[in-house]
Amino acid sequence: VTVGKNGVDKKSEGDKRTPIGVYFAKPKLTQPLADMYGDGAYPLNYPNEWDTQHNRSGSGIWLHGTPSDTYSRPPRASDGCVVLTNEDLKTLAPILQTGKTPVIITSHLKWSSTNQSDAEKQSLQAAIDAWLNDWKSQNTNQYLSHYSHAFSTDGINYQQWADHKFRVQANKPKVDISLSNISMFAY
């Protein structure tokens, strides 16, 4: 895998770095692309909300292939994109579900012991279950207790979110909510 010429931990537009974080691929680009992108390109959702909250800027971070006359590029040779061999990109293509398959970019990977990760997973699962049950019960105050007062999403702050949830919950009959296919990553 090739990353930015200046390594990882992207902070700003044009810094020639690859962002660190959990991203999701958008649909494969269908327009004709220059040969340097190889067998295809999948834009990543950089900057995501986490990046935006941490004042990270830039755009155009793609997961893409290599030129037709190149098997692989050197480790630090992109302008910030994640570059795979065309063979590897073709292998990934069937599992890159738009908005569902996480693309985890990290400078190092640390595997946790089974006991440690099981305890962390159980703790996180208990928190998710409590949040879900409070949502299902339509107890808006209890549901909102799971959110930080620093919470924001799509340009709205915690208070705007809370006001919205109170309005929605006041007008809803009983709801049926479920979760499936949960993936958990420590970051």
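Rings of Phe, Tyr and Trp (its six-membered ring) pair if their centres lie within 6.5 Å, and planes under 30 degrees apart count as stacked, over 60 as edge-to-face and the rest as tilted. By this rule there are 9 aromatic pairs. In one of them, the ring centres of Trp131 and Trp135 are 5.2 Å apart with planes at 50 degrees, so this pair is tilted. Trp131 and Trp135 also belong to one aromatic cluster with Tyr143, Tyr147, Phe151 and Trp161.

This is a predicted model, in which local features need pLDDT of at least 70 and side-chain atom pairs pLDDT 80 or more, while totals for chains, interfaces and linings use all residues. Residues are numbered from 1 along each chain as its sequence is written, and side-chain values use heavy atoms, without hydrogens and water.

Next comes the helix that holds the tryptophan pair. Helices are DSSP runs (H or I, at least four residues), numbered from the N terminus. Trp131 and Trp135 are 4 residues apart in helix 3, so about one helical turn separates them.

| Helix 3 feature | Value |
|---|---|
| Residues 114-137 | 24 residues |
| End C-alpha atoms, distance apart | 34 Å |
| Gln138, just after the helix | positive phi of about 60 degrees |

The expected span, 1.5 Å times one less than the number of residues, is 34 Å for helix 3, which agrees with its end-to-end distance. Its buried residues (under 20% relative accessible area, 1.4 Å probe, protein chains only) are Ile128, Leu132 and Asp134. They pack against helix 4 (140-144), with contact meaning heavy atoms within 4.5 Å.

Conventions
Helix = DSSP H or I, 4+ residues; strand = E, 2+ residues; numbered from the N terminus. Buried < 20%, exposed > 50% of the residue type's maximum accessible area, 1.4 Å probe, protein only.
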